[in-house]
Amino acid sequence: MSVPPHRVHDQVRLPGEQLQTLIEALRLLGYRVMGPKVAEGAIVYDELTSAAELPVGWTDEQKGGSYRLVKRNDGAAFGYALGPHSWKKYLHPAVHRLWKAKREGNGFEISEETPEVPKLAFLGVRACELHAIAIQDKVLTQGVFRDPIYSSRRENVFIVAVNCSQPGGTCFCESMGTGPQATFGFDLALTEINVNGRHDFLVEAGTDRGTEMLQKIPHEGATEKEKKTVAEIAAQAAQHMGRQLNTHEIKELFYRSLEHPRWDEVAERCLNCANCTMVCPTCFCTTVEDVTDLAGTEAERWRKWDSCFTADFSYIHGGSVRASRKSRYRQWLTHKLATWIDQFGSSGCVGCGRCITWCPVAIDLTEEVLAIRQAGSTDSAALPTKEEQ
Amino acid sequence: MSPTNPDPMVPTPFRVQRVRQETHDTFTLELEPARGGNGFSFQAGQFNMLYVFGVGEVPISISGDPTRSKMLVHTTRAVGTVTKAMRRLKRGDILGVRGPFGSHWPVEVAAGSDVVIVAGGIGLAPLRPAMYELLSRRDQYDKVVLLYGARTPEEILFPRELERWRAHFDLEVHVTVDRAMGGWRGNVGVVTTLIQKAPFNARSTTAMVCGPEVMMRFTVMELLKRGVKTDNIHISMERNMKCAIGFCGHCQFGPVFVCKDGPVFVYGRIKDLLTKWEI
């Protein structure tokens with residue numbers, strides 16, 4: 001995976017109570033601070049006005065098809081893995097009006113949207129999510145066209161990463177090379193330390209505006225020992241991944257496995273409910289919806305998240321190209337782990353495990369990959385690689 | 001890039017100049033920019049997203065003459081909600097246009113070689129701009145052959161134009177139908193049956209193919225049998241599209257996006273996918 005250059009800055013120590021100062025400083029600069037809070041039985045991302053709203057003392061237990069909030073016995077504010085939300089809900093909104101039109105005589109007038117672009121700060125971004133954002137940047141801003149909605153929102157975002165110290169039961173960022181430590185793509189990166197009744201954050205600035213922000217918040221120099229704990233926490237987290245995925249020649253594996261019998265097997269279980277695509281932090285597909293008023297004089301066009309698991313997704317005159325459930329699961333997983341590499345130069349999977357946790361029937365992509373790998377492949381012809389094309 | 005609007009998702013109004021019924025379910029729209037301007041330039045094989053007020057938007061290939069870009073011409077079949085609403089449009093009505101999008105037929109690359117065009121049904125519409133362009137610089141090519149198949153004589157698209165082209169001494173035009181009643185004196189059979197006898201030098205031929213996917217698959221097989229090189233065969237693919245600029249994800253065909261990598265592909269690039277179902 002191509003990774004932007006890492007900005008090396010020294011770690012400083014921020015006493016735990018200064019998190020509130022950070023939130024206030026961001027708000028003073030006009031940022032709406034979005035971060036984790038407990039709501040609807042999960043840790044979700046929402047607007048924060050105070051550090052007291054963070055999920056202090058909570059963690060999550062995740063396994064295939066299961067997510068539970070559990071009390072911690074310490075006051076950690078970021079002592080969980082990941083909730084169902086990803087930051088794409090702010091950068092690539094689930095529902096967005098593209099334009100409005102009004103009937104004029106036998107024609108119509110289109111008025112373009114000039115949406116208010118929110119100035120957002122993200123607090124608590126995990127390493128896997130930084131990679132997910134970088135992947136969506138590539139998809140939506142670095143091709144021939146730029147998505148104006150995503151670009152305008154993305155440009156303003158202030159990112160406060162928080163290193164993951166407690167990977168979930170469905171996590172495998174270690175396998176995907178996307179975590180657990182934040183190495184790029186942040187303004188500030190925090191590591192939460194809870195020892196001997198002390199609650200501190202070790203902080204690293206990744207950008208000049210991160211450094212400027214840090215200057216507004218009372219902090220102290222970190223000792224060499226403290227600086228080492230950042231790497232120790234990352235190393236310890238890497239040892240506790242709930243899942244693993246072998247990515248060796250994974251593109252070639254999938255390209256030659258389009259007719260693998262495992263697709264039939266997984267189709268027996270898959271409900272085609274699209275949950276995995278909704279919780280996936282990199283899935284970017286959308287559809288458009290045209291709505292009119294009852295009189296038919298006003299029309300609007302909306303863009304909405306869509307999923308390759310619906311029959312409508314591939315519909316052309318005469319029917320769906322992917323009529324079977326099997327073909328839709330195959331499309332999703334093959335895109336995520338293989339064709340994405342040819343399209344955008346990296347895997348489309350960051351190993352966050354959300355698709356495993358939030359699958360109502362606990363389909364686990366790491367198991368599916370293993371099954372396809374172990375049974376070998378039945379196809380004779382592999383697809384051409386980009387070089388061969 | 002889209003010349004119609006700086007925001008590629010916002011349609012530009014075009015005024016219907018003419019609606020012409022072609023066959024019982026196909027029709028042609030002739031459009032002009034509603035706000036004036038210099039017509040519409042595009043390359044043969046490209047498509048536009050056409051929006052009918054309050055109904056929706058669909059990708060439709062351009063069927064007009066790229067060398068005479070004053071008028072924007074689209075030919076399509078009325079099959080869905082949007083295309084059926086489109087057929088009801090009258091002269092003077094406004095239609096939204098985004099585009100042109102996508103890759104084009106290799107008309108320039110083909111210079112110096114023979115050209116064989118194989119079209120099935122409505123697939124002649126996206127190939128007609130290539131025919132116009134070839135004819136506008138006919139001296140640059142050796143043999144030019146058009147093979148066209150329709151289901152019945154009544155469903156032959158652009159019959160008068162086909163007649164006119166057939167009268168050209170420097171064009172080979174062969175038309176066949178799948179089935180016909182007594183009045184038909186031409187070929188009967190699928191279009192692939194015309195390929196073996198068609199007069200072109202396979203070693204130096206550029207082939208352009210458009211039609212239903214199954215027709216393209218068998219056409220390519222016949223072309224390969226004749227000895228046309230894999231990388232000299234070009235086919236035009238069709239998939240669901242919502243944005244036409246690579247963001248909506250709907251038109252993916254394995255690793256390619258039909259909207260931006262296609263719709264016209266070198267056969268060699270996608271040949272392994274064409275033999276798999278439901279890709």
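Predicted model: local features only at pLDDT ≥ 70, side-chain atom pairs only at ≥ 80, totals over all residues.
1. The domain assignment places domain 1 at residues 12-101 and domain 2 at residues 114-236 of chain B.

2. What does the interface hold in the way of polar contacts? Between domain 1 of chain B and domain 2 of chain B, one residue pair is in polar contact, with both residues at pLDDT 80 or more. On the domain 1 side, strand S2 (26-33) and strand S5 (72-77) of chain B each supply at least two of the residues that touch domain 2 of chain B. S5(B) gives the most to that side, with four residues.

3. A word on the make-up of that side, in case you are picturing it residue by residue. Where domain 1 of chain B touches domain 2 of chain B, its residues divide into five nonpolar, eleven polar and three charged.

4. How much area do the two domains bury between them? The size of an interface is often given as the accessible area lost when the parts come together. For domain 1 of chain B and domain 2 of chain B, that figure is about 1,200 Å², with 60% of it on carbon and sulfur atoms. B:Thr23, B:Ser63 and B:Arg77 together supply 29% of the area that domain 1 of chain B buries against domain 2 of chain B, more than any other three residues.

5. In chain B, 19 residues of domain 1 are in contact with 15 residues of domain 2. The centres of domain 1 of chain B and domain 2 of chain B, taken over C-alpha atoms, are separated by 24 Å.

6. Now to the salt bridges elsewhere. Searching the whole structure over all chains finds 44 of them. One of the pairs is A:Arg97 with A:Glu113, whose closest N and O atoms are 3.0 Å apart. Because A:Arg97 lies in strand S6 (residues 95-104) of chain A and A:Glu113 in the loop between strand S7 (107-112) and strand S8 (120-125) of chain A, the pair ties together parts that are 16 residues apart in sequence.

7. Finally, chain A as a whole. The secondary structure of chain A comes to 13 helices and 16 strands, and its C-alpha trace spans about 65 × 65 × 40 Å along the principal axes. A compact globule of 389 residues would have a radius of gyration near 21 Å, so the 22 Å of chain A agrees with that expectation.

Methods
Residues numbered from 1 in each chain as written. Chains lettered and ligands numbered in written order. Heavy atoms only, no water. Domains from an automatic or database assignment. Contact = heavy atoms within 4.5 Å. Buried area = accessible area lost by both parts, 1.4 Å probe. Polar contact = N/O pair within 3.5 Å; in protein donor to acceptor, adjacent residues only side chain to side chain. Nonpolar A, V, L, I, M, F, W, Y, C, P; charged D, E, K, R; others polar. Rg over C-alpha atoms; globule rule 2.2 N^0.38 Å. Salt bridge = Lys/Arg side-chain N within 4 Å of Asp/Glu carboxyl O.
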